[in-house]
Amino acid sequence: MTLFSDTSHLFVRSLKKLFRNPILLFFSLFQPIIFLLLFTQLFSKFADLPGFLQLTGATSYLAFAASGIVLQNGFSSAFQSGTAMVDDLKSGFLNKMLATPVSRPAILLGRIFSDVFRVIAQSSIILGLAFVLGASADTGIPGYLLMLVIIAFFGIAWSGISLALGLKTKNSEAVFGIAAFLTFPLLFMSTALVPPSFLPGWMGQVSQFNPISITVDGLRTIMLPGFNIGKVLTAFGVIGGIGIVTMGATLYLFRKVVS
Amino acid sequence: MPAVQVENLVKTYGDGTQAVKGISFNVDDGEFFGFLGPNGAGKSTTIKILTTLLRKTSGSANVAGLDIEHDARKVRKLIGVQMQDTVIDEDLTGRENLMLQGHLQQMRSEELKERVNELLKVVDLGDAADKRSAYYSGGMKKRLDLASTLVHRPRILFLDEPTTGLDPQSRAQVWSYLKGLNQTGMTIFITTQYLEEVDRLCRRLAILDHGEIVAQGSPSELKSEIGADRITLGFENGNPGTGSLKDKAKQVLGNLGGISEIVDSDEGIVIYAKNGGFLVPDIVRAFDNAEIKLSSIGVSSPTLDDVFLKHTGRRIRPEEIDKSRATGVFGRRRR
């Protein structure tokens, strides 16, 4: 019972902190919106390339790239989760919480739920903007909901990486650095922004095993015509696998800090 | 039943450092207890263990009659903890900070709201209650931090250097709050560098050095243990830090009778002697004969400072900490 109320109080705390630092929110939304508005325009002629429309089923490059941009936003905000944890560790606030009878798992859960809330809110804004720009999900409202569920789980799994890093290094620059180091190779060696057959040979091979590609395929099959439940399930499988590893590491390191 | 009961407490860190080497002491219920020692003596380690934040290596420790490891959860409900640094959530208002703390202590909302209003008045933050605490001055933040440890009406309050870094006015305010709390029956366990306040407020104290308790008792007991006046000698060239002058001076003093102890100090040399005043002419004459020039000579009855110096060989100097860390009442916020 206390787990539930403690989690909700800490969830509210995290949200308040988030909304009282609008600059942070602005910058994390700024990049995907620029991608949506400018990047898709920059590469809009992609759609004219022979085979693009048939291969992807998309009506425009925007419709194709929207799923990739949503996902990119998902993992850049997941990477901020660890820095918030480092802040609490360093300021002593974590110790202050630990000196109260607060339920220990609630400290992690409050953090994770606020991240999920955030990633869902941001994804909704991006998908809404894509809709206004003319890229709507082929599967309608249920499709949108399913996409948000995928992104939420993706967010949890990937925030586990930054949480574990934060708990291990106790250094937010390190978390940021490693996040930046991972972001672009993972993004560019994936099918987030380019269809697989457009990638050079070796990159195409690598991208098949890139969890970003697999998750993006799950989103894209919802967004574009030709819904394929298998791709959605595969995405969930990969997210689940990653989540077990990252959350396992987070739990292990958290318990070490707590005891 | 003692509020705190510690027996043979040992803490060895992973790298082999022995921070606490088997200490034992008791704090009575309702006592104002000072826990003193030079930096690195093991004070913070002990406080962290007693407040369930750190695991002990061996020995036993009870707080409010409960085992700190077996009954950690119950202990946490009965204690309030203030850490060395001011710990508040600067994104939240003063009121929100206190409410959150009460929620984490599983207090009921109705009771909590009233309690928070009451506390905000007590620590003089009524007007700023709904402002973000990031905009508070250093003194206000410290008061909010203190209030947040009191929300659930703890029976025992642990404070690690609660007034370090505060300007004198805020410091006096914090001490007067603590005195008031103690008068309502709350047990207070405090580490601090301010010996005058310890002398005034603490009923008993323990001095920790290199992880061991080197003295404990009431301030007057400890002072009378010294059993001598204190004579401070200053030398012409300031501090005779260079060995030879100091050694020579000590030799001179060694040949004089009636001295119970000679201790090095930053200001020169401190001698303890019964009826010290009568010894002054002898000292002056002896140094004159040895052609060592004295720049000052002072006689005083012993203070806690002397007790501390006697047992640790060091002097506590809170002023130095203040200079590097002070944030005044009107201090700018650090981010």
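**Entry 1: one residue**

I looked up T83(A) and found it in helix α4 (residues 61-91) of chain A; helices are DSSP runs of H or I with at least four residues, strands are runs of E with at least two, and both are numbered from the N terminus. This is a predicted model, in which local features need pLDDT of at least 70, side-chain atom pairs count only at pLDDT 80 or more, and totals for chains, interfaces and linings use all residues. Residues are numbered from 1 along each chain as its sequence is written, chains are lettered from A and ligands numbered from 1 in the order written, and side-chain values use heavy atoms, without hydrogens and water.

Is T83(A) buried or exposed? T83(A) is buried, at a relative accessible area of 10% (buried is under 20%, exposed over 50%, partly exposed in between; 1.4 Å probe, protein chains only). Leaving aside neighbours within four places in sequence, I found T83(A) in contact with S172(A), V175(A) and F176(A) (heavy atoms within 4.5 Å).

**Entry 2: chain A against chain B**

I noted 22 residues from chain A and 26 residues from chain B in the contact. The buried area is about 2,300 Å², with 55% from carbon and sulfur atoms (accessible area lost on putting two parts together, 1.4 Å probe, summed over both). R20(A), K96(A) and P101(A) supply 30% of what chain A buries against chain B, more than any other three residues.

I counted six salt bridges between the chains (a side-chain nitrogen of Lys or Arg within 4 Å of a carboxyl oxygen of Asp or Glu). One of them joins D89(B) and R13(A), with the closest N and O atoms 2.6 Å apart.
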